[in-house]
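User: Please examine the structure shown below and answer a series of questions about its architecture and packing.

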Amino acid sequence: MTIIITGGAGFIGSNFIFHMMKSHPEYRIVCLDKLTYAGNLHTLQPLMESPNFRFVKLDICDREGVNQLIAEEQPDIVVNFAAESHVGRSIENPELFLQTNVIGTSVLLDACRKYGTRFHQVSTDEVYGDMPLNSSDLFTETSPLRPSSPYSASKAGADLLVLAYHRTYGLPVTISLCSNNYGPYQFPEKFIPLMINNALQGKNLPVYGDGKNVRDWLYVEDHAKAIDMVQEQGRLFETYNIGGHNEKQNIEILHIILDTLQEMLPEGDPRKELVSDKLITYVEDRKGHDRRYAIAPDKIRSEI
């Protein structure tokens, strides 16, 4: 089997590639990545000499390049991780997110339709919008899409486009929507690595609003395994939530980080004195900041 993985030099994509190379050593893995600021080719360096791995620097909006690559490789499936994903950046420059996340997805879908290739879209729980903090409800795969930011709106648009290509053209597709990921190779602008790095350097720990926004945290390798299971065992034309049932307030996560660093750092390490909750700085809340994400992973558990 040959799999093209777009955005494979990014955080989640690279973890997925490592998982696939380990779990399916007989597969051919082709990584397509534009190598923007969030893509790190060094992460994939251990795989570069593998005969079953190929890296191609390419923008998913490059229609000619995408068509040429799929014609060359004749993949069984394209798994699309490629996306602009930072909410704050989407507020500053929405057009970039629409270009990559919507137009880029359409380019991939057109190429898959041309060559009869299955397509899997990796999406986010943010497309559902937010859930009230005092609610016991969870978002399911049938919940309406109510995105709050240009980022989540662009992902929702891409997801709907994937479903439309199935309905209109009969393209074999699946979609997965994940909760907040954490783990190796995450870009340092994201919440957990940012707080770890800042704490170790004695820098301020900026927390939006009151810090009580809730996210469901999912370890990235668990996410990779779940996508593997969806492409191996999932039903075509279905959408699957991938969550961890691990809801925490942002301020809770920050205190866990500080407590863990204090436990890990040995006595005498000068950084131990720097790590303190006195570094916590509450800053102006982000525009349109969702209060709570909460998805039900019951469907993927019962089916897969």
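Analyst: Contact here means heavy atoms within 4.5 Å. The model is predicted.

User: Which residues does Gln231 touch, not counting residues up to four places away in sequence?

Analyst: Gln231 lies in helix α7, which covers residues 220–233. Its relative accessibility is 8%, so Gln231 counts as buried. With residues up to four places away in sequence not counted, Gln231 touches Ile3, Phe16, Met20, Ile77, Val79 and Arg118.

User: What angle does the direction of α7 make with that of β5?

Analyst: Seven strands form an open sheet with parallel pairing, in the order β3-β2-β1-β4-β5-β6-β10. Neighbouring strands of this sheet are turned by 20° against each other on average, direction ignored. Helix α7 packs on the sheet and touches β1, β4, β5, β6 and β10. The angle between the direction of α7 and that of β5 is about 145°.

User: Which are the edge strands of the sheet?

Analyst: The strand order of the open sheet is β3-β2-β1-β4-β5-β6-β10. An edge strand here pairs on one side only, and this holds for β3 (53–57) and β10.

User: Which residue in β10 is the bridge partner of Cys178?

Analyst: Strand β6, residues 173–178, pairs with β10 in the parallel sense over four bridges. Within β10 (residues 239–242), Thr239 and Asn241 point one way while Tyr240 and Ile242 point the other way, and all are buried. The bridge partner of Cys178 in β10 is Ile242.

User: Within what arc do the buried residues of α8 fall, seen down its axis?

Analyst: Helix α8 has 15 residues and reaches 21 Å from its first C-alpha to its last, close to the 21 Å expected at 1.5 Å a residue. The buried residues of α8 are Asn250, Ile251, Ile253, Leu254, Ile257, Leu258 and Leu261. Seen down the axis of α8, these buried residues line one face of the helix, because they fall within an arc of 160°.

User: Which elements are included in what covers the buried residues of α8, and which do the buried residues of α6 pack against?

Analyst: The cover over the buried residues of α8 includes α6, β8, β9, β11 and β12. In α6, the buried residues are Ile192, Pro193, Met195, Asn198 and Ala199. These residues of α6 pack against β7, β8, β9, α8 and α9.

User: At roughly what angle do the axes of α2 and α4 cross?

Analyst: Two packed helices are described by the angle between their axes and the distance between the axes. Residues Arg63, Val66, Asn67, Ile70 and Ala71 in α2 meet a set in α4 that includes Ser106, Val107, Leu108 and Tyr115. The crossing of α2 past α4 is right-handed. The axes come within 9 Å, and the crossing angle is roughly 35°.

User: Does Lys299 count as buried or exposed?

Analyst: Lys299 has its place in helix α10, residues 298–303. Leaving aside neighbours within four places in sequence, Lys299 is in contact with Glu141, Arg235, Glu238, Thr239 and Tyr240. The cut-off for burial is under 20% relative accessible area. At 18% relative accessibility, Lys299 therefore counts as buried.

Conventions:
Residues are numbered from 1 along each chain as its sequence is written. This is a predicted model: local features need pLDDT of at least 70, side-chain atom pairs count only at pLDDT 80 or more; totals for chains, interfaces and linings use all residues. Side-chain values use heavy atoms; hydrogens and water are left out. Buried means under 20% relative accessible area, exposed over 50%, partly exposed in between (1.4 Å probe, protein chains only). Helices (H or I, at least four residues) and strands (E, at least two) are DSSP runs, numbered from the N terminus. Two strands pair if DSSP finds at least two bridges between them. The expected span of a helix is 1.5 Å times one less than its number of residues. The arc is that of the directions from the helix axis to the C-beta atoms. Axes are lines fitted to C-alpha atoms, for helices over the stretch in contact, and angles run from 0 to 180 degrees between N-to-C directions. A crossing is left-handed if the near helix is turned anticlockwise from the far one by less than a right angle, and right-handed if clockwise.
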